[in-house]
Amino acid sequence: MANVPYVGCGVLGSALGMDKEKMKMIFHSVGLPGVEHIVCRRHEWERSPEVIMNAIEETLGYPCFVKPVNLGSSVGVSKAHDRHELEHAINVAAEYDHKIIIERGIDCREVECAVLGNDEPIVSVVGEVVSSNEFYDYRAKYLDGKSQIFIPADIAQGIAEEVRRQAVQAFLALDLSGLARVDFFIEKGTNQVYINEVNTLPGFTEISMYPKLWEASGLPYAELLDRLIELAIERHADRQRNRTSL
Ligand SMILES: Nc1ncnc2c1ncn2[C@@H]1O[C@H](COP(=O)(O)OP(=O)(O)O)[C@@H](O)[C@H]1O
Ligand SMILES: [Mg+2]
């Protein structure tokens, strides 16, 4: 609104990157495979918890993951192994948002790649996160310092190419610009690739995945910053081309 260039996604892309329900709707509409899920509203949960838990048990089973739709950093995310844990998990998620998403829990490896650009984004090599906990929760991400990252991920080349292709497709489908980290699950046993989410403001310290992925792809930290600023200026210039009056 102030008509100044800025790094990163615009309003729509940023909002879609936050809302796991709408993000998955768009992924689905362009054929990007995600994990089966159910979304419920807080008022529905409060009105008929038994109906919702029955539906989850019939369609997703255990374990399942319960999350607030609009959040991040694994805040409010739980893994439920039975009905008792499920009820607690939904109550926790409902403290953070009025929409709650429940997903089939899959036994998976977690890989991520970095996307950079506006209309013609480029994609980094793929990295893997190995969590220090049963899943990559807040403690494993930020507190215990025991999670590990591997760049490049030790996965078959065909799978890495598929992940990179899907990352660019997701970036374009959500109208992202500048930068995003796109996260995937690779199911153990089947090697099925599932897109999990995009992060439009990924961790950006020198030890964070996003800059490390670019470093490993031949773009050092300082040059990455220059490129992001250039992209912001390019997008701003492109917007100036739009007529705003009749
Ligand atoms: N459906 C799932 N199956 C297996 N693990 C999951 C699933 N959903 C989430 N997780 C685990 O929970 C973590 C946080 O979930 P995520 O959807 O990435 O939320 P956030 O936006 O908070 O990062 C993931 O990194 C992964 O370890
Ligand atoms: Mg995540």
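A: The side chains of D107 and K188 meet in a salt bridge, with 3.8 Å from N to O. The term denotes a side-chain nitrogen of Lys or Arg within 4 Å of a carboxyl oxygen of Asp or Glu. This pair links distant parts of the chain, 81 residues apart: D107 lies in the loop between strand 4 and strand 5, and K188 in the loop between strand 8 (178-187) and strand 9 (193-199). Helices (H or I, at least four residues) and strands (E, at least two) are DSSP runs numbered from the N terminus.

Q: What kind of model is this, and how are its residues numbered?

A: It is a predicted model, in which local features need pLDDT of at least 70 and side-chain atom pairs count only at pLDDT 80 or more, while totals for chains, interfaces and linings use all residues. Residues are numbered from 1 along each chain as its sequence is written, and side-chain values use heavy atoms, with hydrogens and water left out.

Q: How many salt bridges does the structure hold, and with which residue does K99 form one?

A: Side chains of opposite charge can pair when their charged atoms come close. The structure holds 21 salt bridges. K99 forms one with D19, the closest N and O atoms being 2.8 Å apart. K99 lies in strand 4 and D19 in the loop between helix 1 and helix 2 (20-29), so the pair ties together parts that are 80 residues apart in sequence.

Q: Are K99 and D19 buried or exposed?

A: Buried means under 20% relative accessible area, exposed over 50%, and partly exposed in between (1.4 Å probe, protein chains only). Both K99 and D19 are buried. K188, by contrast, counts as partly exposed, at 47% relative accessibility.

Q: Which residues of helix 4 are buried, and why are they on the same side?

A: An α-helix has 3.6 residues a turn, so residues three or four places apart point the same way. In helix 4 (residues 49-59), the buried residues are I52, M53 and I56. They cover an arc of only 95 degrees around the axis (taken from the directions from the helix axis to the C-beta atoms), which puts them on the same side of helix 4. The face turned away from this buried side carries the exposed residues V51, E58 and T59.

Q: What follows helix 4?

A: Helix 4 is followed by G61, whose phi is positive, near 75 degrees.

Methods: Chains are lettered from A and ligands numbered from 1 in the order in which they are written.
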